[in-house]
Amino acid sequence: MSMNRSAAAALAAALCLLTAGCGSPSADKATDTKAAASATGYPVTLDNCGVKETFAKAPSRVVVMNGASVAEVSTLLALGLGDRIVANEQGYGMSEVPGRAAAIKKLPTGGVKLNDAYDIPREAMLGLRPDLVLSTTSYGFDQKNGFATCGQLKDAGANTYVSPRGCRQDTSGMTIADSYRLLRDMGKVFGVSDRAEKLIAASEKNIAAVTAKVKGEKKPKVMVLFSNMSMGGNDFSSVVAKGIYNDILARAGGSNAFENASRTSFADLSKEKVAATDVDALVVIGYNDPNPAAYARKLLKEFPQRPASKNDTYVTLSDSMYLGPSNDVAVRKIAGMLHPNDF
């Protein structure tokens, strides 16, 4: 699969909120509305992309932009908020969580014709009449890309939100804590903080249990990359260098073999550079690829001298290896591959 650079760059993740512009109710109605809001925990204010944003009530017409992500839509589904979505453009085509890929596929898309950046153009966005728009990065609200800006959406009565680390479109410092931040923020916005905290606590418990089992073990060197995806000019342009992937690897008792190959989230590497690097195991992330395992096996055959190839050590993942509510699943699966005797 080949994506243009702008769409592929969005694979590095994150969020930006703006307040909805509302008409002024009558004095009596305003008092009643304020009292009702206080009783339900609203208004809710978040600091997103350096701006304090206030929600008077839970959104009911949510649009999820593509951003080559599933972080936002998966978070909403995990919180039981799928019925609030009027248009979703995200999808990996697969998931480690049973039923999630099918649930995403069933969501409405709004019948939107996507632009050259594989996302919702300005007029189509405004036509959806959203009250909340989620974007993985601030790219999704940039006017020069043909998108509705945060200001335009505010004027139309919609809040906007950019996921953690997405404000500056640099996700190289992303960690699992950012997945929890996304859950917490959405929990507050929709008045389901109790659900968010339960999901976070369960994830932390699961990860802690895995990390305890692999403590003291040697940390194998892992190559992480997206299957059949081109994001640069070299043979291997979707190799992960930095980001949430490294945090997941560390919790699973591993390390990134190409962490120092780039200062950004992804490294654009030649076949020679890849061949010269020792790799003990392979993690292949499937993004709308029906058979990432075939790609993994092909890659292992291409470099038969590696320990990973000799031992046929690989695992295929998708949404759990990315920003989202299921990082604990990736930690467990990778740990089981790297340290099978501990599980």
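Student: Hi! Which exposed residues does the face of α11 turned away from its buried side carry?

Tutor: Lys-298 and Lys-301 are the exposed residues on that face of α11. Keep in mind that this is a predicted model.

Student: OK, and which residues of α11 are buried?

Tutor: In α11, which runs over residues 292–302, the buried ones are Pro-292, Ala-293, Tyr-295, Ala-296, Leu-299 and Leu-300. They lie on the same side of α11, because they cover an arc of only 155 degrees around the axis.

Student: Why would residues three or four places apart point the same way?

Tutor: An α-helix has 3.6 residues a turn, so residues at that spacing point the same way.

Student: And what do the buried residues of α11 pack against?

Tutor: Their partners are the strands β7 (221–226), β8 (236–240), β11 (281–285) and β12 (314–317), plus helix α12 (307–310).

Student: What about Glu-197, which residue does it form a salt bridge with?

Tutor: Arg-184, with the closest N and O atoms 2.8 Å apart. Glu-197 lies in α8 (residues 193–214) and Arg-184 in α7 (residues 176–189), so the bridge ties together parts 13 residues apart in sequence.

Student: Is Lys-144 buried or exposed?

Tutor: Lys-144 is exposed, with a relative accessible area of 69%. Its side chain meets that of Asp-142 in a salt bridge, 2.6 Å from N to O.

Student: Now Asp-119. Where is that?

Tutor: Asp-119 is in the loop between α4 (100–106) and α5 (122–127). Asp-119 is buried yet has no salt bridge.

Student: How far away is the nearest side chain of opposite charge?

Tutor: That is Arg-122, 13 Å away. Leaving aside neighbours within four places in sequence, Asp-119 is in contact with Met-65, Asn-66, Gly-67, Leu-114 and Phe-147.

Student: Last one, zooming out: how many helices and strands are in the protein?

Tutor: There are 13 helices and 12 strands. Of the 343 residues, 52% count as buried. Among contacts between residues at least 6 apart in sequence, 72% join residues at least 24 apart.

How values were computed. Residues are numbered from 1 along each chain as its sequence is written. This is a predicted model: local features need pLDDT of at least 70, side-chain atom pairs count only at pLDDT 80 or more; totals for chains, interfaces and linings use all residues. Side-chain values use heavy atoms; hydrogens and water are left out. Helices (H or I, at least four residues) and strands (E, at least two) are DSSP runs, numbered from the N terminus. Buried means under 20% relative accessible area, exposed over 50%, partly exposed in between (1.4 Å probe, protein chains only). Lys and Arg count as positive and Asp and Glu as negative; His and the chain ends are not counted. A salt bridge is a side-chain nitrogen of Lys or Arg within 4 Å of a carboxyl oxygen of Asp or Glu. Contact means heavy atoms within 4.5 Å. The arc is that of the directions from the helix axis to the C-beta atoms.
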